Amino acid sequence: MTRPLPPDPEPDAAATRRHDLRNALNAVAMSVHLARRKIARDEAEQADEVLARAQASCARAVALLEDAASDSSTGASTE
C-alpha cells in the first residue's frame with residue numbers, strides 16, 4: 001500500500017513573479033521573431049498584430065516589475 005504524497009508547498013511570491021516575468025519576456029522574444037518572418041514575407045498587417053501582442057507582453061512585464069518595486073519599497077514580504 002502506498003502512502004499519499006504530501007501536498008506541494010505553495011510557491012513563494014518571488015518565484016511566481018520570476019516565472020511570470022520570464023513568460024512575458026519569452027512571449028516578446030517569440031513575437032519579435034515571428035514579426036520579422038511576417039515582414040520578410042511582406043505580411044505587414046499580420047506583423048502588426050504580432051507586434052501588438054509583443055507590446056502587451058512588455059506592458060505585463062513592466063507591471064510585474066512595478067509591483068515588485070512597490071512591494072519592496074513598502075516593506076511587503078515577497079514570501
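**Serine 57 and helix H2**

Serine 57 sits in helix H2, which covers residues 44–74; helices (H or I, at least four residues) and strands (E, at least two) are DSSP runs, numbered from the N terminus. The model is predicted: local features need pLDDT of at least 70, side-chain atom pairs count only at pLDDT 80 or more, and totals for chains, interfaces and linings use all residues. Residues are numbered from 1 along each chain as its sequence is written, and side-chain values use heavy atoms, with hydrogens and water left out.

**Serine 57**
- Serine 57 has a relative accessible area of 15%, so it is classed as buried (under 20% relative accessible area; exposed is over 50%, partly exposed in between; 1.4 Å probe, protein chains only).
- Leaving aside residues up to four places away in sequence, serine 57 touches Ala24, Ala27 and Val28; contact means heavy atoms within 4.5 Å.

**Helix H2**
- From first C-alpha to last, the 31 residues of H2 reach 45 Å, close to the 45 Å expected at 1.5 Å a residue; the expected span is 1.5 Å times one less than the number of residues.
- The buried residues of H2 are Ala47, Val50, Ala54, Ser57, Ala61 and Leu64.
- Helix H1 (13–40) is included in what covers these buried residues.

**Whole chain**
- The protein chain contains two helices and zero strands.
- Of its 79 residues, 14% are buried.
- Among contacts between residues at least 6 apart in sequence, 67% join residues at least 24 apart.
- The chain exposes about 6400 Å², with carbon and sulfur atoms supplying 55% of it; accessible areas come from the Shrake-Rupley method with a 1.4 Å probe, and for residues only the protein chains shown count as cover.
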